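Let's take a walk through a protein model together. Keep the picture in view as you read, and find each residue as it comes up.

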Amino acid sequence: MILDSKHGEFEKNFETEIKVDGKKISLNHFIQETLANIMVGFLKTLKEADEPEKIIEIKIKKLAKNRIVDSHTYP
């Protein structure tokens with residue numbers, strides 16, 4: 001099998017990082033770009049958020065006990 005000179009190359013637009021309990025998780029370039037594009041896409045749909053210029057930070061914290069909340073209210 002012969003691969004052309006562009007095999008495995010793509011444009012990198014984002015540097016994406018995930019930490020779980022302070023430990024950095026290794027992400028390949030495809031996953032970094034995919035996660036970043038998903039988050040940028042979500043943010044574009046929100047009325048209060050413009051397209052980010054540099055940094056998006058997301059923190060997800062597991063609750064000690066599950067809670068029932070009204071889906072139409074915000075924290």
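**Charged partners and their neighbours**

Glu 17 has a relative accessibility of 47%, so Glu 17 counts as partly exposed; here buried means under 20% relative accessible area, exposed over 50%, and partly exposed in between, using a 1.4 Å probe and protein chains only. Before going on, note that this is a predicted model, in which local features need pLDDT of at least 70 and side-chain atom pairs count only at pLDDT 80 or more, while totals for chains, interfaces and linings use all residues. Residues are numbered from 1 along each chain as its sequence is written, and side-chain values use heavy atoms, with hydrogens and water left out.

Glu 17 forms a salt bridge with Lys 24, with the closest N and O atoms 3.5 Å apart; a salt bridge is a side-chain nitrogen of Lys or Arg within 4 Å of a carboxyl oxygen of Asp or Glu. Salt bridges with shared partners join Glu 17, Lys 19 and Lys 24 into one network. Between Lys 19 and Glu 17, the N to O distance is 3.9 Å. Lys 19 is exposed at 53% relative accessibility, and Lys 24 is exposed at 54%.

How many salt bridges does a search of the whole structure find? The search finds three. One of them links Glu 15 and Lys 12, whose closest N and O atoms are 3.9 Å apart. Glu 15 is exposed at 67% relative accessibility, and Lys 12 is partly exposed at 36%.

Now look at Thr 16, in the segment before β1. Is Thr 16 buried or exposed? With 16% relative accessibility, Thr 16 counts as buried. Its side chain reaches the backbone oxygen of Gln 32 at 2.8 Å. Leaving aside neighbours within four places in sequence, Thr 16 is in contact (heavy atoms within 4.5 Å) with Leu 27, Gln 32, Leu 35 and Ala 36.

Next comes helix α1, residues 29-45, where you will find Leu 43; helices (H or I, at least four residues) and strands (E, at least two) are DSSP runs, numbered from the N terminus. Leu 43 is buried, with a relative accessible area of 18%. The C-alpha atoms of Leu 43 and Ile 56 are 9.5 Å apart, and the two residues are 13 apart along the chain. Ile 31 also has its place in helix α1, and at 34% relative accessibility Ile 31 is partly exposed.

Definitions and conventions:
Polar contact = N/O pair within 3.5 Å; in protein donor to acceptor, adjacent residues only side chain to side chain.
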